[in-house]
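Please read this report with the sequence and the structure side by side. Each heading takes up one topic.

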Amino acid sequence: KNEVEQSPQNLTAQEGEFITINCSYSVGISALHWLQQHPGGGIVSLFMLSSGKKKHGRLIATINIQEKHSSLHITASHPRDSAVYICAVLGPNDMRFGAGTRLTVKP
Amino acid sequence: DGGITQSPKYLFRKEGQNVTLSCEQNLNHDAMYWYRQDPGQGLRLIYYSQIVNDFQKGDIAEGYSVSREKKESFPLTVTSAQKNPTAFYLCASSIERGTDRWTRSWSFGPGTRLTVL
C-alpha cells in the first residue's frame, strides 16, 4: 500500500463544475503540499498546509490531521485547470508523493 | 529571480551510455533532491543531500550516482546499471523555514525527460 493515496486517478469534468480531489496518507507528517503538474512536466506548488483550510482564488484545500486526509477543491472549473494534481506529504527528510489525479476540464 | 534550473528539458541517449542530468539552484537552499516519475506512479526519491559533500540514498538509488561538491549544484548520473532509465527526472530543493526542522520551504525544477533508445 502506498504511503500517499489519491482519488480519483482520472477525472473529467465540464467547464463550470465543482471538482474535488482526495488524498489519504498513512505516515506521520508535518505538512502537506498540493502540487500542479502541467503536460511539460514542470511542477508548481499550489498550497502547503498543516491544519484547517486555505483558499486561493478558485482553489480550496482542506486537511484533517486526525483522519490523515486532505481534499483539493476547484470551484467553477475551467479548461486551463486541466493538469495533474499531486498530493505530497512532508516528513523530516523528504517529501512523499501520491500518484496524481489527471484532471481534464472540457469546454 | 531565484529558482531551480534543470537542463536539458529533453535528453536522448543510447542504451549502455552513462548520462548526467544537471540541477542548479540559486535559492541558497541547503537540501537538494532527485525524484523519478514513471507513468501512473508517484514521484519516487532517488537521492537527497542535506549538506555539501554529503548525500543519502532514497528508495530507488540503484543504478544512479550523485555528487554535492557545491551548495548550488546536485548532478545526477544515470549509469548503464540502471535497468529502466527512461523516465521524467525532477530535482527539488528545500530550506528550513524556522526552528522546527520539519518546517521546510520547497522548490521544484522544470524536470528532464530522459529517453534511452
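The sections below go through the basis of the model, its cores, strands, salt bridges, backbone features and surface.

## Basis of the model

This is a predicted model, in which local features need pLDDT of at least 70 and side-chain atom pairs count only at pLDDT 80 or more, while totals for chains, interfaces and linings use all residues. Residues are numbered from 1 along each chain as its sequence is written, chains are lettered from A and ligands numbered from 1 in the order in which they are written, and side-chain values use heavy atoms, with hydrogens and water left out.

## Nonpolar cores

In soluble globular proteins, nonpolar side chains tend to be buried together. A nonpolar core is here a set of buried Ala, Val, Leu, Ile, Met, Phe, Trp, Tyr and Cys residues joined through side-chain atoms within 4.5 Å. Buried means under 20% relative accessible area, exposed means over 50%, and partly exposed lies in between (1.4 Å probe, protein chains only).

The largest nonpolar core has 23 residues, and A:L32, A:W34, A:F47, A:L72 and A:Y85 have the most contacts inside it. At least two residues of this core come from each of β3 (19-25), β4 (31-37), β5 (43-49), β7 (59-64), β8 (69-74), β9 (83-90) and β11 (101-106) of chain A. A separate second core has 21 residues, including A:V84, A:F97, B:L90 and B:W106. Leaving aside residues up to four places away in sequence, the residues that A:L32 touches include A:C23, A:F47, A:I63 and A:C87; contact means heavy atoms within 4.5 Å.

## Strand β3 of chain A

Strands (E, at least two residues) and helices (H or I, at least four residues) are DSSP runs, numbered from the N terminus.

Two strands pair if DSSP finds at least two bridges between them. β3(A) pairs with β1 (residues 4-7) of chain A in the antiparallel sense, over four bridges, and A:V4 is opposite A:Y25. β3(A) also runs antiparallel to β8(A), to which six bridges join it; here A:I21 is opposite A:L72.

## Salt bridges

Side chains of opposite charge can pair when their charged atoms come close. A salt bridge is counted when a side-chain nitrogen of Lys or Arg is within 4 Å of a carboxyl oxygen of Asp or Glu. The structure holds five salt bridges over all chains. One of them joins A:E3 and A:R96, with the closest N and O atoms 3.8 Å apart. A:E3 is in the segment before β1 of chain A and A:R96 is in strand β10 (residues 95-97), so the pair links distant parts of the chain, 93 residues apart. A:E3 counts as partly exposed at 33% relative accessibility, and A:R96 is partly exposed at 24%. A:E3, A:R96 and B:D59 are linked in a network of salt bridges.

In the salt bridge of A:D81 with A:R58, the closest N and O atoms are 2.8 Å apart. A:D81 is in the loop between β8 and β9 of chain A, and A:R58 is in the loop between β6 (52-56) and β7, 23 residues apart. A:D81 is buried because its relative accessible area is 7%, while A:R58 is partly exposed at 26%. In chain B, the side chains of B:R44 and B:D38 meet in a salt bridge (2.8 Å, N to O). B:R44 is partly exposed at 29% relative accessibility, and B:D38 is buried at 11%.

## Backbone features

The peptide bond from A:S7 to A:P8 is cis, with omega near -5°, and A:P8 is in the loop between β1 and β2 (10-14) of chain A. B:S7 and B:P8 are also joined by a cis peptide bond, with omega about -10°; B:P8 is in the loop between β1 (4-7) and β2 (10-13) of chain B.

A:K68 is not a glycine, yet has a positive phi of about 55°. A:K68 is in the loop between β7 and β8 of chain A. B:N53, also a residue other than glycine, has a positive phi near 65° and is in the loop between β5 (44-51) and β6 (54-57) of chain B. B:N53 counts as exposed because its relative accessibility is 62%.

## A surface patch

B:Y10, B:F12 and B:L117 form a nonpolar patch on the surface, with about 370 Å² of accessible area together. Patches are made of residues with over 30% relative accessible area and no salt bridge, with like charges joined within 9 Å and nonpolar side chains (Val, Leu, Ile, Met, Phe, Trp, Tyr) within 5 Å. Accessible areas come from the Shrake-Rupley method with a 1.4 Å probe, and for residues only the protein chains shown count as cover. B:L117 is in the segment after β11 (112-116) of chain B and counts as exposed at 63% relative accessibility.
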